Structure formats: structure tokens, C-alpha cells
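Please consult the sequence and the model together while reading.

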Amino acid sequence: MARRKPAVRKSIFDMPLSSASNKESRKSTDDAFNEDGNFKDELPTTMSACIDEEGNPTLVATPLPESPNRLNSFPFRADSANGNESPETKPLSVLIPTLDVMASPQPMERDSEMDPGTSTEEEFLEEEFESELLAEERREQAQSLRKKKSREILTAKNRWWALAKAGRTKSFLWVLLRWPLLIAFCLFISVDLTCYVAVRQWVRWYEWAITWRGKRRRLRQDLNDATTYEEYKVCARRLDEYLGNSRWKNEEICPHYDVDLVHRTVRRLRRHRSIIASALRRKGETSSVTSAARSNATAGIMKVLQHGACKHNFGGIENEALYSHTYLGTKKLVEEFVHEICQSLEHVAESTDLTSDEKHDFFKKVSQNYGRTALCLSGGATLGYYHGVVKSLYEEKLLPNIITGTSAGSLIAALICCRTDQELVDEVFVPSIHKILTACDVPYMERAKRMYKTGAMFDHREWYQKVMLATKGPLTFWEAYQRTGRVLNIAIVPDEPHSPFKLCNYITTPNVVVATAVMASSAVPGVLNPVELLIKTETGQLVPFHGSGRKWRDGSLMMDIPERELHRLWNVNFTIVSQVNPHIVLFFFDKRGSAGSPTAHRYGQGWRGGFIASALVQHFKLDLQKWMTLLKDFELLPRVLGSDVSDVFLQRFEGDVTIVPRATLEDYRMILTDPTNERMKRYIERGEARTWPKLHMIANRLAIEKTLSKCRRMLPDSGNAKLGSAHGRRGSRYSNTWSAVSRSPRWLTAIEDTAVPAETLEPLDISQTE
């Protein structure tokens, strides 16, 4: 059935935001909370994004219809049969989820794209079930404790004090020396930090005054002033030619990768492909001989690919040092290797000498060996708007389907994963996006009052309606995946001691409302109190979610880049990290250059600021890390707002490719203020410019990954390819129960008149077993 052309939509960013609409929206959202500020056990209404009579975007509470036929009484639109429409509000189609699932990248295939990571579905769900049982026992114990004691024990301050008193008994010497040691360690940290900043400034002055002079300075300025990636590539090639970096590309000998292994693999693949090409040219002469030669050559290609060539970082070809000697490109041998792998994979997919089952088994094994790529967006308050790196990746068709975010990064990830491609271009990649990013519009005096009364500067009831505008209403993780084909992951932590870290996505929490997960991931102590999550039932009702914790907070406090969980769930072994944490950006220093940013002397192989300066920077950086580790190991630091501060500094904050913006002092001063149109434009442009040097390395990595995905989509369906579920996982005793709650609600098919009819779609059956 042909699709109907959707009606022209008016963008939300062309409409002004008024205080009157915000008050009405606040009044509607207040009905969802009880006196304690928590979500009610059963919300009487569901929230929808609308525009009022004045044309202002707002959220209103829409009662659920009592009619059993939910498709004919959907609450988000007027009843077209009766011609009835609410006199107060008019549905805003741009904010309502639609079923244009094919407008964005293709959703991941049932048996191909969602292969498992390192754990099975049964093991994963058993761990989730056990954690929920433990959480239930803790809640029962807390309930009995509340009956015996007064309500004062429930306050946050008393809880932290009780946790401190409940710790194991300390020795007399620890009690005696704790504060003197803490003061001494803090003095050492202050001295190291001062020296680190001083040496960094020296390196900066040395490069400006000595390294970048004359023509090379002018060429570098042209590179920094580039406004498009095409213009950047032209300037980069010109600068490489002037500095002599281009000659390095043609030299095969290099200590950063296994030259002999890569060269031998390229030769073997070329030899097999030449045999196949010659056999095809002589097809009419001796068909039996040419067929045997072609079959043997195809088997040889499969053996080379499966037994090593098509693996993550094979021979060190994904080493960042291979891309840090030039402003654009890498070794010619590496480029030939990537091209040869892609050509060989396409030949196997098109080969007539293999059966469908053999192709499915081959590509499944090769895909598991090669792994997947994920984009990780870190926290960083309003510095998170530097995640404009997403725009550059999208425009070059290098945006991974798996995207994860923590804290401020969770908001950007939700903006990306809840919108189709056209909506990204019209709504997100434009400076006018700042009109819905209004979480920090509270005056400073009001923040101080709230901080004194509640322990947080912002009210989660206000954030509830603001985040809903950014996530297109109460969209769930499963609905977001069905709508765009992108896998959204948000990291959160239960507000309970020693509780497990959780990565929300459409497998672990399919029915959780994305807006509440974004709020929980942004619940930094002192900024926002821990919040509850909401789930959406099949009838569209929103109810609180109680998993391994009742309330949740910022995931970056424990794990800013959840590499382990990504590998476990999605087989991710290559991460692109956009790092904007204000306390971490200062400590990123590439002593010998990074991908697309080589040093300016010794043909890109020198040390920034000279060897001594680079060594001092690294020394003070490691010394700071040593003192922070000692503070954590000796348990000298007091808990600040119930959190261990040392965990914020001792995590792993980088990935295989790390993109770090150049933040200014003005950015730090405005770190908790809403962006203006000018600031938003600067965030996007600088985020793009910082991504361009890394794009060539990302392109080479994704070239093989995209070729694997294309080849798997080319293959016809096979009986052996459908043994697992939609994610490639084997069935378990939990499968039927879990899939029953993870299916998309039926009422989603009646969202708009212009939506694709449900019978024309092919839903992803996540409960399919053998």
C-alpha cells in the first residue's frame, strides 16, 4: 500500500513561548504528583503536547477515554468521525509520535543487527529479576522501620548521617590522622594542579610564539576558519603538503601497526579475488574447472575474513596514532586494507557458490567478531550543547545507530533518538532549538531558596513538562526505537547505597518513559533531587516504575561512559566519545598529537611544547590521579550530598575516538544558564569543527561495519537465521512474559491521520523463538 504524503507541519520553533502557557502546563503537571513530590501510584491522566489558542506550545492533561475501542477514541487527536475538537487546545502534530518508522535509518534486522553481546537473554533477565527481589526486600525493611520510628529518619540529611554511623569501626590512628592527612593531600593536589596549569600555559605560548609562525600559521588559520567539511579537507591537504606530512602516508614501515600482517592479508585477498575475476572471464571454456577455481577462491576469502582479517583492531589498524601524523588521512596500506575487506565481503554476499544458510552463518560470525560502534555523550551541564558533534556525524552519514548519554548527554541523545531524520534537520540542528531548552530559567535567588529548603536548585515537577517537550511527549524507549530505528541508552543509578548501575534502553526498560529517564540521569546532587521513573501500560496509562530502586539519579556519578554495559548488550567494542565534563576537559592533553591534529614539527612526530614540557604535563597529571586514588583508598573524603566525590574523577572518560570541545571561561560562567540563539549557534559550529579531524578515522571504522550490515540485508531469509529472537538471543522462560510488556501499545497506530496504516508495517517480534 502506497504511503500518503504527510501534511506540511509548522515547526514548534516558529512559535513563541509565553509565561501563560507555562503556568497552565505547570498546573496540569502538578496533578501527576502527590504531596511528597513523587508520582502518584496511578496517574489519572496522560500528558500530551499541544498548542493553546495563542499558538504557544504547552503540555495538557488529557483524560483517557472510557471506550473499549481505543483506536477510535485516541486522546491525542480530535475524533474525525464526529468532528469534535477541544475548544481550548489544538493538537500539535510535530510533538506527537508518529509511525514514520522508515523515514530514518532502517531499524536493525531481526536476526542480524541485534546479535547478542557477551551475555544471553536468560542470564540478563535472571540478574534483573534477582535485583528486583533484593529491592523489594529493602523496601519491606524500610517500611517496617518507618512504622517503628518517627518520620524524621526519612529526611535526606538523617539518612546520610545514619549511613556514616553504620560504617565499620575505624581504628584510633585513622580517626586521629584522618583530617591532617586530608589537609596534606589537598595541599599536594593544589600544588600539582597549579603546576599543571602553568606548564599547559607554557605549552600553549610555545606553540603560538615558536611553532606556528609565518606561512604555517596562515595555513592553520585557514584550517580553523573552515565552515564546511569539504573546505576543511582542502585546507588540511594543503597544510599536510607544506609540513611534509604527506610523504609519511606512502611509507609502509611504522611501529604503530603490524605492517607484515596487514600487507600479507591484502595480498591474499587480492589473489583470491583475481582468481575469481579470471574464472568469470573464462566461463565459457571449461565450466567445471572455472567453477571449482571460483569456489576454492571464495572459500579462501571466507577463511581469511573469518579467521582474523575482519576483527576489531586487526593488526593495530584502528590505532589512533596512525591518524595523528597528518591532518587528513592515514597510511596508504591501511586505506587499501579497508577497501579490500569491503570488496571481499560484498563478493561473498553476491557469490552463487554458497547457499543462503552458509552466508547467514558466515556473516553472523564475522559481525560478532567485528563488533559495533556506539556514540557516547557525556555529562557537562550546559556544556552538553557542544554535543553538536552529532550534526557533523549525521551529515557525513557516520552517525551510529547505538547512542548513549548521561546527564546532559542524555537530553541530547533523547533529542536525536526520538526524532526522524527530517525532524533532526528541521528542529535539532538549528540554533532555534534553544527555545525548548529552558531547564535553567529559574532566578538565582529562587535557586538559593530551593537549595536551602529541598537540597536542590531545581524542581523536578517543572523539569517534567520541559523535558516532555524535548522528547515529543511521553514516548517510551520501545516507541522511540520503532519510530527512528536508533537505539537510545540512558545511564542512571538508584538512589540507594550499593545499588546496581542501570542502562535504560528498549531491551532493559522498554516501557519506561524517556522523559523521566532523562530527568533521572540529570539528577546531580545539589542540582536536582532523585526522581521516579514512569512506565506506560498497553492502555496508555502512566504508572510509577519500581525496579532495583524507587528513585534514580545521575549515572555519570558512577560511570560516565558505560562501555561494559554497551558491550554486554549490543556487542559494542568501538566508542566515539563526545567529552564535555567541565572538570575533565582540562586534563585532556595529547602530548604527541591526536587523530587529525598532529604536532607541527618533525613531520608530525614531535612533542607538544618540547619533550620536557610534555613530560612535566604528564607527570603532574599522573600525580593528581595518584593523590585522588589515595583519598579514595584511605576513605579520607567525607561524602558530599550522599556521594563519593572521588568517583567523579577516577572513571574512564575517553573512548577509542574522543572529541573534546574548546570551552571558554564564558562557558564556565554560564554553565547553569539556558542558551541564547547566538550561544546555541556557537555551540553547534564549534562542535562540528572539533569533529572534522576525527571523521576520517571514524569513516574507516564504519566502512566495514556498514558493509556488513548492507550484506546481511541483501541475504534472503533463512530458516537457520531465525533461531533466535529479534536480538539474536535464544529464548528463555522469561521471553513470553517480558515480550508481553514490551510490545508497542495498540493506540500508537491511531496517532495521526497521515500515519502509515498498521497493517502495512512489519512489527519487530521480540519474542520469536525456535
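Is Asn571 buried or exposed? Asn571 is buried, with a relative accessible area of 7%; buried means under 20% relative accessible area, exposed over 50%, and partly exposed in between (1.4 Å probe, protein chains only). This is a predicted model, in which local features need pLDDT of at least 70, side-chain atom pairs count only at pLDDT 80 or more, and totals for chains, interfaces and linings use all residues. Residues are numbered from 1 along each chain as its sequence is written, and side-chain values use heavy atoms, with hydrogens and water left out.

**Positive phi values**
- Asn571 has a phi near 60°, a positive value in a residue other than glycine.
- Asn571 is placed in the loop between helix H19 (563-570) and strand S11 (572-578); helices (H or I, at least four residues) and strands (E, at least two) are DSSP runs, numbered from the N terminus.
- Ser407, with phi near 55°, also has a positive value in a residue other than glycine.
- The loop between strand S5 (402-405) and helix H13 (408-417) holds Ser407, which counts as buried at 8% relative accessibility.
- Most residues other than glycine have a negative phi.

**A buried threonine**
- Thr326 lies in the loop between helix H9 (287-309) and helix H10 (332-350) and is buried, with a relative accessible area of 0%.
- The side chain of Thr326 reaches the backbone oxygen of Gly329 at 2.8 Å.
- A polar atom of the Thr326 side chain lies 3.4 Å from the backbone oxygen of Leu328.

Methods. Polar contact = N/O pair within 3.5 Å; in protein donor to acceptor, adjacent residues only side chain to side chain.
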